[in-house]
Amino acid sequence: MNKKRTLKDTIKLLAVTIILALSVTVAWSKPKGNETKGRFYFKQTCKSCHAKGASGGEITPMSKTQAQWERYFTAGKHNKGTELLSKHLKAEQLNDAWVYLVNHAVDSPQPETCGK
Ligand code: HEC
């Protein structure tokens, strides 16, 4: 066994442990929502004003990055900040929509246009 290699392995193990700890923290701070329900609520409620040509202009999960959706839902404001997002969906449903939109944002692993 050579000593150098052991040290390298220890450092690797440490790095992996730190990354794991960080991802667990991130996972905990995320809203607990149901993505499948979120897609439904988004289509049913948000899309009524955010389809192509509708009053609010076209919005899809791909309209924002994951970080932008996080900020948008954390702020909770809608329609240029004039009202609350919760005007349109109940808190629990908003969390579902939040998860759906973040999971399919433009920089997500599975970007989605939601039926365009
Ligand atoms: C009753 C119609 C209506 C519904 C329902 C609706 N919106 Fe909007 N939304 C608007 C209007 C109007 C604007 C302002 C558009 C503009 O910039 O002129 C807007 C703007 C936005 C914007 C752009 C930033 C902002 O806040 O101005 C986002 C993102 C958005 N809506 C997301 C959503 C989501 C998510 C839902 C479902 C929870 C939703 N909207 C439901 C009408 C609606």
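Reader: Which residues come nearest to the ligand?

Author: A word on the model comes before that. The model is predicted, and local features need pLDDT of at least 70, side-chain atom pairs count only at pLDDT 80 or more, while totals for chains, interfaces and linings use all residues. Residue numbers start from 1 along each chain, following the sequence as written. A residue is near a molecule if its C-beta atom, placed from the backbone, lies within 6 Å of it. Around the ligand there are 17 residues, and Cys-46, Cys-49, Gly-56, Asn-79 and Lys-80 come nearest.

Reader: What classes of residue make up the shell around the ligand?

Author: Ala, Val, Leu, Ile, Met, Phe, Trp, Tyr, Cys and Pro count as nonpolar, Asp, Glu, Lys and Arg as charged, and the others, Gly among them, as polar. The shell here has 9 polar, 7 nonpolar and 1 charged residues.

Reader: Which element gives the largest share of the shell?

Author: Helices (H or I, at least four residues) and strands (E, at least two) are DSSP runs, numbered from the N terminus. Helix 2, residues 35–50, gives the largest share of the shell, 5 residues. The chain as a whole has 4 helices and 2 strands, in the order α-α-α-β-β-α from the N terminus.

Reader: Where does helix 2 bend?

Author: The bend at a residue is the angle between axes fitted to the seven residues ending there and the seven starting there. For helix 2 the bend is about 35°, at Phe-42. The span of this helix can be read too: the expected value is 1.5 Å times one less than the number of residues. A straight helix of 16 residues would span 22 Å, but helix 2 spans only 19 Å between its end C-alpha atoms. Helix 4, with 13 residues, reaches 18 Å, close to the 18 Å expected.

Reader: Is Cys-49 buried, exposed or partly exposed, and why?

Author: A residue is buried if 20 or more other C-beta atoms lie within 10 Å of its own, exposed if 12 or fewer, and partly exposed in between, with C-beta atoms placed from the backbone. Cys-49, in helix 2, is partly exposed because it has 13 C-beta neighbours inside 10 Å. Thr-36, also found in helix 2, is exposed because 10 other C-beta atoms lie within 10 Å. The buried residues of helix 2 are Gly-38, Arg-39, Tyr-41, Phe-42 and Cys-46.

Reader: What does Cys-49 touch beyond four places in sequence?

Author: Two residues are in contact if their C-beta atoms, placed from the backbone, lie within 7 Å. On that basis Cys-49 touches Ala-54, Ser-55 and Gly-56. Over the chain, residues 24 or more positions apart account for 71% of the contacts with a separation of 6 or more.

Reader: Which residues make up the largest nonpolar core?

Author: In soluble globular proteins, nonpolar side chains tend to be buried together. A nonpolar core is a set of buried Ala, Val, Leu, Ile, Met, Phe, Trp, Tyr and Cys residues joined through C-beta atoms within 7 Å. The largest one here has 12 residues, including Tyr-41, Phe-42, Cys-46, Trp-69, Leu-94 and Ala-105. Helix 2 and helix 4 are the elements that give two or more residues to this core, and helix 4 supplies the largest share, 7 residues.
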